[in-house]
Amino acid sequence: MCSWHLLLRLCIQSTFSGRLAVSFACGRKSSTAQACLSSMTKRFHTIKKRYHAIKKRLPQGWRFGATAALILCSVVLIVNITVLVLILWRKGFYSAIVPIMTGTCASLKQTSLFVHLAINVASTLLLSGSNYCMQCISAPTRKDVDMAHERGRWLDIAVPSVRNIRVLGRKRLLLWIFLGLSSIPLHLFYNSTFFLSITHNSKYEILIANSEFTQGAPFYDALGDQIVAVQDTQGTIEMRHQTFPYDPTPGYIQEHISEFRRLDNRECITAYTQRILSDRSNLVLVTSTTPRDDSFAAAYGNKCQNPEADIIQEGTGYLHPAVFCHQNSSLFTVIPWRAELWTNSANDPNSTAPFTWICNYDSACGTLYQGIRDHASTWTAFGFAIDHCLSQTSENQCSFNAATSLLIVVIIFNVFKVAAVGYTLHALQDKPLITIGDAIESFLVQRDSYTTGKHLLTAQDVRSKGFSSSVAAESHWDPAVSGDVRLKWWRSSSKMRWSVAYFGLFLCLATILSLIIFAVHAVKAAGLNASEIYQVGFGTVDPRSLIYSEFWPRGDTATLLSILLVNSPQLVLSFLYVIFNTLFTSMSLAFEWSRYHEHPRSLRVSHRKGKQRSTYFLQVPYRRAIPVMMFSVILHWLISQSIFLAKIDDNNSSSSVSTCGYSIDGMIATFFGGLTLAIFSFILGSRKLPSGMPLVGSCSLAIAASCHAPDGTSELQPLKWGPLPVEERGKEGTGSDEASELQPLKQGHLPLGERAKDDTVGPWGFYNPPRAPDS
């Protein structure tokens with residue numbers, strides 16, 4: 001297929017599409033309109049002549065497409081190098097990951113979407129150019145076909161083929177392998193060269209106070225190093241040195257309390273049980289309990305009973321915060337909280353969850369919090385019954401980053417790709433059979449000796465019986481029975497090829513559906529309801545839709561694992577693209593082949609001579625190739641927005657964690673995109689071919705069998721395939737006159753293709769009809 005090089009041709013032809021525009025430019029009511037139109041028409045014809053002059057200088061046939069592939073791959077390379085130089089120039093080369101811009105996640109989302117769309121367009125161009133050249137390299141020459149037939153084998157013609165690599169020389173084989181392997185790193189790294197990172201608020205203050213604190217009431221303002229009176233469980237006072245490391249201070253929080261948002265207990269627990277806290281920070285838990293209540297003493301293990309006490313602490317042997325005992329204090333305690341990113345310390349109370357304060361420091365809070373959330377109305381924190389909470393909100397802060405090391409890897413393989421495509425143009429000096437027209441021309445000029453008299457041999461005969469048996473046996477195709485039966489397009493490829501394509505596609509769809517179910521369950525557990533799940537959007541780094549675990553690796557290992565994990569679907573899609581591209585190519589080949597039975601047509605060849613037609617595509621016409629290519633770009637882009645590299649930065653330290661983010665919206669869109677591909681392929685395969693011509697597919701043996709034409713048949717003139725006229729009997733170029741000695745045969749037993757009960761028709765094959773119109 002690989003017809004993306006049409007873009008270059010369209011740029012040239014677009015200059016000549018304006019005769020209608022000329023009439024509008026001249027004006028309809030002007031007296032000089034006719035003269036203006038005449039002048040513009042002359043200019044149009046002048047430009048058209050120049051275009052044809054330029055067209056003659058352009059490479060012809062497959063070389064035009066390969067040249068266009070070289071140009072576009074070079075353009076992608078120049079863009080990649082330019083982007084890298086600009087990044088290093090403006091940001092420096094101090095790190096393998098360079099932040100390009102920072103801001104709210106919502107503002108950077110659109111930037112990420114368009115950048116990844118551009119990346120997937122570029123990667124599809126590289127893949128298409130590589131696939132185009134690989135098909136040209138694997139296309140056999142006539143010498144390759146003759147050698148294969150001599151050894152009892154057949155080759156594929158005009159389709160991408162792995163079968164043909166056995167006849168490729170060492171140089172062509174290495175070039176074919178290099179083009180294929182050089183695409184793998186591009187798919188594994190390209191989409192991860194640019195990604196979003198989200199900021200984690202690992203440090204925040206938790207204040208427990210009564211409702212008067214929120215209205216500006218006075219409080220015990222403990223700050224810094226102080227000598228305080230600490231009451232034990234017996235009510236005895238002990239003077240101690242105490243440090244209160246509060247940042248921000250309770251006074252600052254009280255002054256800005258209007259910026260805090262009120263949450264009920266369930267909303268509060270849900271908001272602060274996120275492992276990645278990006279949109280919230282300081283918290284005020286409002287309670288009606290006081291440190292002098294018996295209910296507080298029952299839960300805390302101590303209470304304020306000595307009027308001289310400043311604080312009480314460590315009531316039951318567990319780690320408890322200092323509780324203020326001043327009679328007029330509206331603030332009861334302050335907990336400076338540190339929610340580390342997946343700490344590995346077994347002694348750290350945060351080791352299983354960064355929010356164990358919700359469960360009074362219980363190490364099993366990672367699972368216990370769900371039960372607390374379900375009974376949020378009775379939630380008690382550190383002995384205080386919580387009525388509601390006030391949460392300080394902040395917009396998700398994100399950074400749009402460039403992985404310069406990955407971009408360098410992409411550039412290196414981009415250079416290899418350009419070199420390989422350029423070498424393909426230099427190395428292929430023979431005349432490979434690129435199109436079905438090239439094959440017909442070759443077999444008409446020089447007949448194949450192994451298929452003499454087997455005019456009706458089909459690809460199915462060869463696949464089911466093998467080379468030797470299919471040559472020796474009679475064809476199952478009966479023109480009296482099958483000649484008027486229009487086969488469907490899907491018959492152009494083997495059932496095995498269709499089975500592999502649909503098995504791979506439905507396996508991918510089943511995997512995507514399983515991931516959607518898992519993702520919905522995960523985000524629901526994180527607190528999202530059904531309506532909020534689909535509001536996250538494509539490619540959005542959201543703390544509730546990140547893949548994380550205490551078992552997730554750290555450092556460079558995590559980054560590499562994340563990159564391979566998020567880009568492996570891109571590689572799978574590329575393989576599916578190649579497989580379905582082969583199916584579409586085979587169907588287009590069968591359509592073009594069967595049209596020779598409808599009416600005379602000139603051959604579409606790589607190198608035009610006489611009345612032959614030149615070609616700028618391999619086998620799939622532009623009207624089908626370009627939509628399929630655009631659809632491939634969209635699918636690659638949807639995958640890049642379904643699962644993607646994400647980096648979590650700690651806003652209070654230099655630590656960070658690399659992981660994978662996912663988007664349920666993106667996965668659903670990808671699923672329906674794959675389903676659309678399956679339906680489109682089925683509908684296209686269900687179309688009927690124009691005629692009941694024997695289906696030869698891409699099989700070189702079956703193609704050769706159909707190309708035994710009468711002597712004097714010219715490949716430079718329009719050709720038609722069908723029953724040879726009576727005057728052509730005995731003139732078939734087979735080296736014998738058996739065609740003139742044919743006897744009437746019974747229906748269903750026609751080894752040489754003679755129609756039953758019709759003595760006006762001889763063998764079947766290509767011939768030049770008299771005064772055939774050139775199509």
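This is a predicted model: local features need pLDDT of at least 70, side-chain atom pairs count only at pLDDT 80 or more; totals for chains, interfaces and linings use all residues.
Local features are given at pLDDT of at least 70 and side-chain atom pairs at pLDDT 80 or more, while totals for chains, interfaces and linings use all residues. Residues are numbered from 1 along each chain as its sequence is written, and side-chain values use heavy atoms, leaving out hydrogens and water.

View 1. The strands run in the order E1-E13-E2-E15-E16-E14 with mixed pairing, where two strands pair if DSSP finds at least two bridges between them, and where helices (H or I, at least four residues) and strands (E, at least two) are DSSP runs numbered from the N terminus. Strand E1 (97-104) and strand E14 (546-547) form the edges, each pairing on one side only. Helix H4 (residues 62-91) packs on this sheet and touches E1, E2 and strand E13 (397-403), contact meaning heavy atoms within 4.5 Å. Strands E2 (residues 194-200) and E15 (residues 643-650) are joined by five bridges in the parallel sense, and His-200 lies opposite Asp-650 of E15.

**View 2. The two faces of helix H6.** In H6 (residues 142-150), the buried residues are Arg-142, Asp-144, Val-145, Ala-148 and His-149, buried meaning under 20% relative accessible area, exposed over 50% and partly exposed in between (1.4 Å probe, protein chains only). The face turned away from the buried side carries exposed Lys-143 and Glu-150. After H6 comes Gly-152, with a positive phi near 80°.

**View 3. Ser-183 in helix H8.** Ser-183 belongs to H8 (residues 183-189) and counts as buried because its relative accessibility is 8%. Apart from neighbours within four places in sequence, Ser-183 contacts Ser-130 and Lys-417.

Technical notes: Axes are lines fitted to C-alpha atoms, for helices over the stretch in contact, and angles run from 0 to 180 degrees between N-to-C directions.
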